[in-house]
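Subject: Structure for you to look at

Hello,

Here is the structure I promised to pass on. Please open it first, then read the notes below beside it.

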Amino acid sequence: MPELAKSLQNVENKFLKTIGNNKIRLFNEEFSKYPGTIKLVVGEPDFNTPEHVKKAAEKSIEDNYSHYSPQKGFDGLRKAISNYLSSRYDLTYDPESEIIVTVGATEAIYVSVASIINVGDKVIIPTPAFSFYASTVKALGGIPIEVDVTDNDFKLSSQKLQKVIADEGEDTIKAIILNFPSNPTGVAYDKSEIEELAKVVSGKGIYVICDEIYSELVYDVKHVSFANVLPEQTILINGVSKSHSMTGYRIGYIAAPAAFVAEADKLHAFTTTAASNPAQFGAQEALENGLDDPIETRKVYKQRRDYLVKELNEIGYKTLNPQGAFYVFPRIPKEFGLDSESFARKLAKDARVGVIPGSIFGKGGDNYFRISYAVPLDDLKEAVKRIKKFTEDFEKESVN
């Protein structure tokens, strides 16, 4: 039996050993052990799915849509996605050949990366960034090239991108992963910034995988897709999870050039076969008749954002004003002398406020922490009171 166990160890996937566990989930579980903790941890809307969306999903069950859907998703949903992208962002995608419905944006990320990289290929990721990107690249045998962009208000500049490509070798790079509005920083790129980045990669054999799942949650700015500027090299990822509070429905999608979609669809077939039928009908309803649903939630998120940014800066945590999503990414005061994990654990233990350490989000993140403001305003106000007292007490201890 021991010999059998030893032989099984020899066939384990060596790439999976490099990625570890989902630390956001682990910290969420750890902080849950402290009674009364206000958890500003998980990136999930605190609103319910709109009633008309739920009814559409229920009706599909009543109408006996109980068999496999088409592999790429129901025709109606793919048409709804195509029409939505056209009307909302002035993008043109053929629903038959250029769109795949996926099980959340997570599957879309995995399928997109897996369809274009081989072992040893490099993928550029501006950081701090959603941790799944680097982990996915590693799990597939690729090499994530993390580019610290904290010196430019969390945005990748065209000059820095050009330098990284030159340093790493253009022929070794298969893709860049961008996410805006961003998790964890909330920053968004405007059209001129996108155009400058596009100039650097245009005509090169480099895909831009652009995760725009928070595109409906923007404040004071208009969302511009990377596909508006460089559609022939862009793999657009989006979904209804954040816009319509449908995280549990697990509906995302890929919109991309037909040649890429044809290859990605092969992997999609062997990964999930197809997305859930009721969820697809709910998503179709959201995109056809729920375009105004995010308006009210945006107003609420903006109110929370404005409150948090002001209060955190006054307490002494330098916080940029995010342009989208529902996160703020405050800087830990240098005088604290704590890395982000130590800070987050101390804050949870002493003040009963749960936040996510910035180190989870890659290079440059260790001086920061992430707060999700997808929680009621009253909870945020109480959390701010606790953070303020925690900070005052910490400063007194440091003096003594």
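Valine 240 is found in the loop between strand S7 (234-239) and strand S8 (251-255); helices (H or I, at least four residues) and strands (E, at least two) are DSSP runs, numbered from the N terminus. This is a predicted model, in which local features need pLDDT of at least 70 and side-chain atom pairs count only at pLDDT 80 or more, while totals for chains, interfaces and linings use all residues. Residues are numbered from 1 along each chain as its sequence is written, and side-chain values use heavy atoms, with hydrogens and water left out.

Is valine 240 buried or exposed? At 1% relative accessibility, valine 240 counts as buried. Buried means under 20% relative accessible area, exposed means over 50%, and partly exposed is in between (1.4 Å probe, protein chains only). Leaving aside neighbours within four places in sequence, valine 240 is in contact (heavy atoms within 4.5 Å) with Ile213, Ser245, Met246, Ile251, Ala283 and Leu287. Valine 240 and threonine 185 are 55 residues apart in sequence, and their C-alpha atoms are 20 Å apart in space.

Serine 245 has 12% relative accessibility and counts as buried. Not counting residues up to four places away in sequence, serine 245 touches Pro45, Phe47, Asn48, Thr49 and Val240. From serine 245 to isoleucine 315 there are 70 residues along the chain, and the C-alpha atoms are separated by 31 Å.

Next, the cores. A nonpolar core is a set of buried Ala, Val, Leu, Ile, Met, Phe, Trp, Tyr and Cys residues joined through side-chain atoms within 4.5 Å. In soluble globular proteins, nonpolar side chains tend to be buried together. How many residues does the largest nonpolar core have? The largest one has 75 residues, and Tyr317 and Ile371 are those with the most contacts inside it. Helix H13 (residues 377-399) gives the most to this core, with seven residues. There is also a second, separate core of 24 residues, which includes Leu156, Val200, Cys210 and Leu230. As for tyrosine 317, its contacts, leaving aside neighbours within four places in sequence, are Leu312, Pro330, Arg331, Pro333, Phe336, Phe343, Phe369, Ile387, Phe390 and Thr391.

Two helix pairs are worth a look. Axes are lines fitted to C-alpha atoms, for helices over the stretch in contact, and angles run from 0 to 180 degrees between N-to-C directions. Angles under 35 degrees count as roughly parallel, over 145 as roughly antiparallel, 65 to 115 as roughly perpendicular and the rest as oblique. A crossing is left-handed if the near helix is turned anticlockwise from the far one by less than a right angle, and right-handed if clockwise.

The crossing of H3 past H10 is right-handed. On the H3 side the contact is made by His52, Val53, Ala56, Ala57, Ser60 and Ile61, and on the H10 side by Asn277, Pro278, Phe281, Gly282, Glu285, Ala286 and Asn289.

For the second pair, H7 and H8 pack at an angle of about 20 degrees with their axes 9 Å apart, so H7 is roughly parallel to H8. H7 also passes H8 in a right-handed crossing. Ser158, Leu161, Gln162 and Ile165 of H7 meet Glu196, Leu197, Val200 and Val201 of H8.

Last, some backbone details. Which peptide bonds to proline are cis? The bond from threonine 127 to proline 128 is cis, with omega near 10 degrees, and proline 128 lies in the loop between strand S3 (122-127) and helix H6 (131-139). The bond from phenylalanine 180 to proline 181 is also cis, with omega near -10 degrees; proline 181 lies in the loop between strand S5 (173-179) and helix H8 (191-201).

Aspartate 90 is not a glycine, yet has a positive phi of about 60 degrees. Aspartate 90 is found in the loop between helix H4 (75-89) and strand S2 (99-103) and is exposed, with a relative accessible area of 65%.

Regards
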